[in-house]
Amino acid sequence: PKPGFMPAEEDLAPLPENFLPVHPFHNGWMTGRDEKLAGWPREPDIIRSQLTEYYGLIDHMDTRIGDILNTLDRNGLRDDTIIIFSSDNGLALGSHGLLGKQSLYEHSNRVPLIISGPGIPRGETDALVMLYDLFPTIADFTGFEMPDGVDGSSLSGLLNGQQETIRDEIYTTYENIHRSVRDDRWKLIRYPRLDREQLFDLLNDPLEMNDLSGDEAYSDHASRLRSRMEIYHTEFDDPHPLYV
């Protein structure tokens, strides 16, 4: 398309279900790099246009990945090749009123991870894994001896059905402004510089639209995850304070 080209409205991608014109509060990164790519409040047609471009790039990438897989097939290498697909964190593009990936919401905190190859059965898992688990996983696949001090856990037992989980919780961070802990259902996000929190029930609210942090009925979940956050903060030698 030519610069400035705008597809017809009916050809634009739909807005995400958790689209907001403005984030509910200043999260410490409202004027960061990616957030400057559209005005406030977010205009639906502009967000839909950006999403359309984004999906177009994904479609292009899928085609190029197909080229790689076809080359493996032509050269008889497919059955001897382990293929791992992942990526950087994804852009919000309107979700929660944000554009970038500088948040700890699920839409930007999670990344795709697909592993395919000889001896790996077809299937899916909701296990909580980290990308640094790939090093010990590849070491298991290839018989490589793991060096000391590797933090990740091999996913081979998960892939072959010998185990269902890798870890019970995940602690994630962004700079000195966002911290979160989540388990298989509950998630607490803390904004230390704002002394503010959000609590989400990911089972019933996967799009994180209903903040339960102010509801006393859920205070036990917030307290439990806050305590776990403090433990992880110490264990990971996190240099930024949780409370200011």
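How many bridges join strand 3 to strand 4, and in which direction do the two strands run?

Modeller: This is a predicted model, in which local features need pLDDT of at least 70 and side-chain atom pairs count only at pLDDT 80 or more, while totals for chains, interfaces and linings use all residues. Residues are numbered from 1 along each chain as its sequence is written, and side-chain values use heavy atoms, with hydrogens and water left out.

Strand 3 and strand 4 run antiparallel and are joined by 5 bridges. Strands here are DSSP runs (E, at least two residues), as are helices (H or I, at least four), both numbered from the N terminus; two strands pair if DSSP finds at least two bridges between them.

The pairing belongs to an open sheet of 4 strands, in the order 3-4-5-6 and with antiparallel pairing. Strand 3 (170-174) and strand 6 form the edges, each pairing on one side only. From one strand to the next, the twist averages 15°. Helix 5 lies across strand 3, strand 4, strand 5 and strand 6, and runs at about 65° to strand 5. Such angles run from 0 to 180 degrees between N-to-C directions, with axes fitted as lines to C-alpha atoms, for helices over the stretch in contact, where contact means heavy atoms within 4.5 Å.

A salt bridge is a side-chain nitrogen of Lys or Arg within 4 Å of a carboxyl oxygen of Asp or Glu, and the structure holds 18 of them.

At edge strand 6, Asp-201 forms a salt bridge with Arg-185, at 2.9 Å from N to O. This pair links distant parts of the chain, 16 residues apart: Asp-201 is in strand 6 (residues 196-201), and Arg-185 in the loop between strand 4 (178-182) and strand 5 (186-191). Asp-201 is buried at 7% relative accessible area, whereas Arg-185 is partly exposed at 29%; buried means under 20%, exposed over 50%, and partly exposed in between (1.4 Å probe, protein chains only).

Glu-197 and Arg-226 also form a salt bridge, their closest N and O atoms being 2.8 Å apart. Because Arg-226 lies in helix 5 (residues 219-235) and Glu-197 in strand 6, the pair ties together parts 29 residues apart in sequence. Glu-197 is buried, at 13%, and Arg-226 is partly exposed, at 23%.
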